[in-house]
Amino acid sequence: MNSERFPLPALAKELESCQESQFGWILKKLASPDYIDEQLLKSDIALVVAKISKLLRSNEDYNVWKGCHAAVVFCSHNPLVLCCHSGQLLTIIYSKLEQKLEYHSSSTQNICNKIILDSLVFATSKIIELMRNKPTLSERQQKKLRRMYDTGDYSISDLSELFSISRPT
């Protein structure tokens, strides 16, 4: 794959069906400043979050593993995703962690089970850490940010600048 910028919906579509080498490439793209400065629409971000959520809810361990890593990267590098969608992703990850712990406590542990559990624990702790350290906005600012974000008229970089919530890269 080349180095040109892909539209976010195309990355979301690739996320669902990609294999290992493509997945690494997608994570690098999601971590790129291109996807913070781009005119990201609410629907584009929601589409990626929906794909990540679908991966996390999957019964296939590989998809859960991909979902954990994608959630951490997207929340780590996109302040609006962290502010608006991290709670939803954390709930899904924690639910899957509880489900896996319940199931695996009665079964034999193998390396694949350990990797999935480690990924779920890492994703849970990383998103909690990001949420604790996210820039603080007053309740009024949060409501205003949410209203502006919901219109779809503002880019991520515009809102980040307006509310001083951009993270240094």
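Visitor: Which side chain does Glu16 meet in a salt bridge at 2.8 Å, N to O?
Guide: In this predicted model, the side chain of Glu16 meets that of Lys51, with 2.8 Å from N to O. Glu16 belongs to helix α1 and Lys51 to helix α4, 35 residues apart, so the pair links distant parts of the chain.

Visitor: Which other residue forms a salt bridge with Glu16?
Guide: Lys54 does, and the closest N and O atoms are 2.5 Å apart. Lys54 is in helix α4 and Glu16 in helix α1, 38 residues apart, again a link between distant parts of the chain.

Visitor: How exposed is Glu16?
Guide: Glu16 is partly exposed, because its relative accessible area is 28%.

Visitor: And which residues of α1 are buried?
Guide: In α1, residues 8-17, the buried ones are Leu8, Leu11, Ala12 and Leu15. Seen down the helix axis, they fall within an arc of 105°, so they line one face of α1. The face turned away from that buried side carries Lys13 and Ser17, which are exposed.

Visitor: What about α4, how many residues does it have?
Guide: Helix α4 has 16 residues, 42-57, and spans 22 Å from first C-alpha to last, close to the 22 Å expected. Its buried residues include Ile45, Val48, Val49 and Ile52.

Visitor: Changing topic, how many salt bridges does the count come to?
Guide: Five. One of them joins Asp118 and Lys114, at 3.0 Å from N to O. Both lie in helix α7, four residues apart, about one turn of the helix.

Visitor: Where does Asp118 stand on accessibility?
Guide: Asp118 counts as partly exposed, at 41% relative accessibility. Lys114 is partly exposed too, at 44%.

Note on methods: Residues numbered from 1 in each chain as written. Predicted model: local features only at pLDDT ≥ 70, side-chain atom pairs only at ≥ 80, totals over all residues. Heavy atoms only, no water. Buried < 20%, exposed > 50% of the residue type's maximum accessible area, 1.4 Å probe, protein only. Helix = DSSP H or I, 4+ residues; strand = E, 2+ residues; numbered from the N terminus. Arc of directions from axis to C-beta. Expected span 1.5 Å × (residues − 1). Salt bridge = Lys/Arg side-chain N within 4 Å of Asp/Glu carboxyl O.
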